[in-house]
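Let's take a walk through this protein together. Please have the sequence and the model open as you read.

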Amino acid sequence: MPTILGQNQYGKAENRVVKIARDGDTHHIKDLNVSVALSGDMEEVHYSGSNASVLPTDTTKNTVYAFAKEHGIESAEQFGIHLARHFVTSQDPIHRARIRIEEYAWERIGPEEAGHSFVRKGQETRVAQITYDGSEWEIISGLKDLTVLNSTDSEFWGYVKDKYTTLREAYDRILATDVSARWRYNWTDDAEPMPDWENSYDQARTHLLQAFAGTYSLSLQQTLYQMGSRIIESRGEIDEIRFSLPNNHHFLVDLEPFGLKNETPDGAVYFAADRPYGLIEATVLRDGVEARIPLDMTNL
C-alpha cells in the first residue's frame with residue numbers, strides 16, 4: 001500500500017445547547033457551543049468504509065443534549081468532563097475524546113425580582129477544552145475577545161531604530177488589546193481533588209484584569225508577563241497560561257489644519273486603527289513546568 005493513514009478524528013461540531021434551570025421564579029441560564037472530536041481504532045472506516053467501529057456523529061449530538069438534561073451544566077469544564085468520560089468508557093474503539101466548549105454569558109435585566117429576563121453580555125467568550133484518553137485528563141480553560149484599555153500609564157520608547165523606522169517614541173500613550181488567553185490546570189487524575197471550575201475561572205479573570213490595570217507598562221510584552229505571573233502566583237491549580245494580544249493602536253489625530261491643538265491637558269482625540277496591528281504572544285509557566293498549550297491557539 002503506497003499510503004498509510006495518519007492522525008484522524010471525527011465528531012459533531014458546534015452543538016448549541018441552552019439549559020434553563022428554574023428555581024421557582026428565579027431562573028438560571030447556561031449557553032454553550034459544544035464540539036466533540038473522537039479518535040481511536042478508526043483505520044478500517046477509512047480503508048474499507050466499514051462503519052462497524054463508528055459511533056454516528058448524530059449520536060454525539062444527541063448525547064450533548066441528553067447530558068445537559070441528565071447532568072445539568074454546573075460549569076463548561078464539568079460538562080466537558082462528563083461527555084469525554086462517557087465517550088471513552090462506553091465505546092471500545094474510542095480511545096480519546098476532546099471536547100471544546102465556548103460559553104456565552106448572560107446577566108439579569110432589571111430588579112432582582114425579575115428572575116427570568118436576561119441580556120447577553122458582550123465582554124468576552126469563555127472557552128474550555130477537555131481531553132481524556134481513559135487514564136489522564138487535560139483541562140485548558142480561558143477566554144477570548146476581552147477588550148481592555150488603559151488611557152495612560154503606558155510608554156513605548158528606547159526601541160531599535162533603523163532607516164525604515166518612523167514611529168515616534170511615546171511617553172504617555174493609550175494601551176488597548178483584545179485578550180485571548182488559555183490556561184492549563186495541573187489536575188490530571190480522578191484520584192486528585194477537582195478544582196472549583198467556576199470560582200477558578202472568575203478568580204483568574206479578576207487577577208488578569210487587576211494586573212492589566214495595575215501595571216505601569218513600558219511594553220505590551222511586560223503587561224502580558226505581569227498578567228500571566230499574577231494568575232499563576234495566585235492560583236495554585238494553574239501551571240501554564242498562553243496569551244495572544246493584538247496591540248490595538250490609537251493614534252493622535254492631526255487637527256492642526258483646522259487650527260486646533262489636539263494634545264492638551266484636558267484630553268485629546270485619537271483614531272482607533274483596527275489594522276495592521278502588532279501581535280504579542282507568549283506563554284507564562286510555573287517554574288519547572290513544561291509547556292503544553294499549542295503555540296497557535298487559532299482552533300483552541
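In this report a residue is called buried when its relative accessible area is under 20%, exposed when it is over 50%, and partly exposed in between, using a 1.4 Å probe and protein chains only. The model is a predicted one, in which local features need pLDDT of at least 70 and side-chain atom pairs count only at pLDDT 80 or more, while totals for chains, interfaces and linings use all residues. Residues are numbered from 1 along each chain as its sequence is written, and side-chain values use heavy atoms, with hydrogens and water left out.

**The overall picture**

The protein has five helices and 12 strands, taken as DSSP runs (H or I of at least four residues for helices, E of at least two for strands) and numbered from the N terminus. Along the principal axes, its C-alpha atoms fill a box of roughly 75 × 65 × 40 Å. Of the 300 residues, 42% count as buried. The protein exposes about 16,800 Å², and carbon and sulfur atoms supply 49% of that area; accessible areas come from the Shrake-Rupley method with a 1.4 Å probe, and for residues only the protein chains shown count as cover. Among contacts (heavy atoms within 4.5 Å) with a separation of 6 or more, 66% are between residues 24 or more positions apart.

**Salt bridges**

Side chains of opposite charge can pair when their charged atoms come close. Here a salt bridge means a side-chain nitrogen of Lys or Arg within 4 Å of a carboxyl oxygen of Asp or Glu. By this rule the count comes to 16 salt bridges. Three of them are set out below.

| Pair | N to O distance |
|---|---|
| Arg-126 and Glu-77 | 2.7 Å |
| Glu-103 and Arg-126 | 3.8 Å |
| Arg-235 and Glu-237 | 3.0 Å |

Take the pair of Arg-126 and Glu-77, joined by a salt bridge. Arg-126 lies in strand β6 (residues 125–132) and Glu-77 in helix α3 (residues 76–90), so this pair ties together parts that are 49 residues apart in sequence. Are Arg-126 and Glu-77 buried or exposed? Both are buried, and for Arg-126 the relative accessible area is 7%.

Arg-126 also forms a salt bridge with Glu-103. This pair links distant parts of the chain, with Glu-103 in strand β3 (residues 94–104) and Arg-126 in strand β6, 23 residues apart. Glu-103 is buried as well, because its relative accessible area is 10%. Lys-30, Glu-77, Glu-103, Arg-126 and Glu-198 are linked in a network of salt bridges.

For the pair of Arg-235 and Glu-237, Arg-235 counts as buried at 16% relative accessibility, and Glu-237 is buried at 15%.

**Around the β7–β8 loop**

The loop between β7 (137–150) and β8 (175–185) holds Trp-157, which counts as partly exposed at 43% relative accessibility.

Ser-217 sits in the loop between α4 (197–214) and α5 (220–234). Is Ser-217 buried or exposed? Ser-217 is buried, because its relative accessible area is 0%. Not counting residues up to four places away in sequence, Ser-217 touches Asp-153, Ser-154, Glu-155, Leu-175, Gln-222 and Thr-223. With Thr-223 there is also a side-chain polar contact of 2.8 Å, meaning a pair of N or O atoms within 3.5 Å; within protein, one must be able to donate a hydrogen and the other to accept it, and residues adjacent in sequence count only if both atoms are side-chain atoms.

**Backbone details**

Most residues other than glycine have a negative phi, and most peptide bonds are trans. Asp-153, in the loop between β7 and β8, has a positive phi of about 60 degrees although it is not a glycine. Asp-153 counts as partly exposed at 39% relative accessibility. Glu-14 has a positive phi too, near 55 degrees; Glu-14 lies in the segment before β1 (15–23) and is exposed, with a relative accessible area of 56%. The peptide bond from Arg-275 to Pro-276 is cis, with omega near -5 degrees, and Pro-276 is in the loop between β11 (270–272) and β12 (278–285).
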